[in-house]
Amino acid sequence: MVYSLAASTLTVAAPLGCDAAPAEGAEPTAAAPRRPSDVLVTGADEEMLVLEVTEANRVVVRLPRVEVGQGVTTAVAMMIAEELDARLADVDIPLADARAKGNQFTGGSSSVSSLYGPARELAALARAKLVTAAARRWHLPARYLRTRDTRVIAPDGRSATFGSLTASAARITRPAVSSKPKPPSRHRVIGRPTTRIDARDIVTGKARYAGDLAVAGAKPTVVARPPTLGGRLVSVDSRAARAMPGVHAVVKVAGGVAVVAESFHHAFQARDALRITWAPGPLAALSDAAIRSRLRAAVPRLGNPPGGTAQTEGEFEFAFVGHAPMEVLTAVADVRAGHAEIWFSSQTPMDARDSIASAVGLPASKVKVHVVRGGGSFGRRLNHDAAIEAALISKAAGRPVKLMWSRADDIRHGRMRPASHHRIRASHARGRVVAFTHVMASVSESYEGQNLSAQGNTGITVTPAVAPASGPLPSDSGLYNFGRVSGDSGSVELAMPLGAWRSVDSGTMRTAEEIVVDEVARSLGKDPIAFRRTTLRNKAVKAVLDKVADAGHWGRELPAGRAQGVAVHEEYGSCVACLVEIDATDPKDPRVTKVVMAADVGTAVNPRGLEAQLMGTAIDGISTVLRAGLHIDRGAVRESSYADFHYARQRHAPLRFEAHIMPSRREPGGAGELGVPAAAGAVANAYARATGSRPRRFPLNF
């Protein structure tokens, strides 16, 4: 149902109670027909998406999701502009504060799909009421009126802005025209490549992130952290730091020692002047080799293959990987005796509010969380380490603070994608795969229930929200017709700060499987694409594979040391294929020269935004396969910045990138994480063909 809210301006709301991410591989279904409700609701139900038309002719939708660069605000603005016939420039999409109930989870590639129905229904109802209000004002039949550019227009040329009609439209309970959303055939905004509504603000510096906020009295704050994961503070001599100019406070926190100062320059100088004795963390005796050994031992047995079959097997290792978003973690906190107010970028603001309240000893109703746009996330802002820490520091210092984790803080003490070890066996006979088994082990997140001071983070018991995993077994997807598909998983428990990383389990699971698919094709003497065509179950996956094969000129001759690779993936009710060309003339310094991707995500609300998402996933695949990972050295993360966490830079990016969006009138599926597994698998397969090798450890430079 869509509701009208009791207000002096036109305000309508739609519930968001059924916005969970679709199961992996599920086909989106059309929403059941709804009729707008004649009920006037007092106030805005917190579980709803609310649209208001202001007297200033602005259309405002306060979004219960966070913008972290994925373009969700633009996509929602396009949905609203489409159904209202409003100018995109007249639509504002501010971010909602943490609510007391409902769902504000941003993750699982679910935002656009969960908002598509409610947003369009809201705007369609608002348009119907505005047209009815204009018809009554002009004493004309409503069916003769049309809408365009945030105005209602009469046949004789008269027009009225939505803003001038909003008060009278708010009083209308039964619109005189249809309030159903448009059919896809009438879309003029949805489906058209559109520049982000915040693009100019971002490039001109007008866009405001947590670090840009000027909250009264909030002083720059940094934390001295232990050299090892989970290291413990033994003693600190802060006399020199306290005597330095610009220093306001030095306070102990569970993760180390915080310095509050007049500027970040003063704060970092004082932090470096602290004389601290640390006790080593619980992993001080462990390094990469020992962790890999434990993971290998934790992988379940493959079992016996079917009789009369030949085997293609592979064993794969994936390193820890940091999120390392461009904007480092920053949070502003003002904790007082009876209330607290926090500003930061969060994918889980309701969970964050509850955790902060518990940490500072306040009821959740006394904690206000303001959601701020984030400069990247990739899953990192599902957790709220920095916000909890900022709140504890503010409480201890007795003043507002602006906490910033340095790049080294986040890489060495922040969240990581777990390391994992995989064994895969494809059993084939008479030219086809008759059984496929994938067993694996990863570092477990079960430590999260322990006191987080063991990680050097916050010192309270928190179970952070993470994006739902895609499923630990290949049998959950049924991507290929591989006969009996099975799997199992084990785990190694280590006190490490882990978190959901873009594409969660699929980024390693599917990468390993796509490598084996290539190797099966090779062992059967078949072309990798031809083999996939004969074994893929879904016509949509075959279509995206055919598209990249054609657009990428699969099979063209390349010089020695260069080759093509391909991979596919299906998840979130969407599918994607990726074709890569690589120059591995120097196997130790390979360069991806070309990437061609094709995706079927149902209705692509903003094809330009989807292209940007796919481009980002291509860079993720290039990075995590070729060069980007984290080493553990005697209980410490070795890397500390982009200088040694080798994420792809411009010189590593493909010289040519193409994204092909398959036409569809289905409702949107998920897209934000979709391309990572296909891109990573294609890069690995291209490298294998170019070098004649069988890559098994990722990134390759480890």
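Helix α14 passes helix α15 in a right-handed crossing, meaning that the near helix is turned clockwise from the far one by less than a right angle. The model is predicted: local features need pLDDT of at least 70, side-chain atom pairs count only at pLDDT 80 or more, and totals for chains, interfaces and linings use all residues. Residues are numbered from 1 along each chain as its sequence is written, and side-chain values use heavy atoms, without hydrogens and water. The structure also holds 41 salt bridges.

**Helix pair α14 and α15**

- Two packed helices are described by the angle between their axes and the distance between the axes.
- The axes of α14 (residues 607-626) and α15 (residues 675-691) come within 8 Å and cross at roughly 45 degrees.
- The two helices are therefore oblique to each other. Angles under 35 degrees count as roughly parallel, over 145 as roughly antiparallel, 65 to 115 as roughly perpendicular, and the rest as oblique.
- Axes are lines fitted to C-alpha atoms, for helices over the stretch in contact, with angles from 0 to 180 degrees between N-to-C directions.
- Helices (H or I, at least four residues) and strands (E, at least two) are DSSP runs, numbered from the N terminus.
- From α14, the residues in contact include Thr617, Asp620, Ile622 and Leu626. In α15 they include Gly675, Val676 and Ala684. Contact means heavy atoms within 4.5 Å.
- By class, this contact has nine nonpolar, three polar and one charged residues. Ala, Val, Leu, Ile, Met, Phe, Trp, Tyr, Cys and Pro count as nonpolar, Asp, Glu, Lys and Arg as charged, and the others, Gly among them, as polar.

**Salt bridges**

- A salt bridge is a side-chain nitrogen of Lys or Arg within 4 Å of a carboxyl oxygen of Asp or Glu.
- Asp198 and Arg373 form one at 3.1 Å, N to O. Asp198 lies in the loop between α3 (162-170) and α4 (199-204), and Arg373 in the loop between β19 (367-371) and α9 (385-397), so the pair ties together parts 175 residues apart in sequence.
- Asp198 is buried at 4% relative accessibility, and Arg373 is buried at 18%. Buried means under 20% relative accessible area, exposed over 50%, partly exposed in between (1.4 Å probe, protein chains only).
- Glu317 and Arg292 meet at 3.7 Å, N to O. Glu317 is in strand β15 (residues 310-318) and Arg292 in helix α7 (residues 288-298), 25 residues apart.
- Glu317 is buried at 11%, while Arg292 is partly exposed at 23%.
- Asp385 and Arg380 pair at 3.3 Å, N to O. Asp385 is buried at 4%, and Arg380 is buried at 1%.
- Arg58, Arg87, Asp90 and Asp92 are linked in a salt-bridge network.
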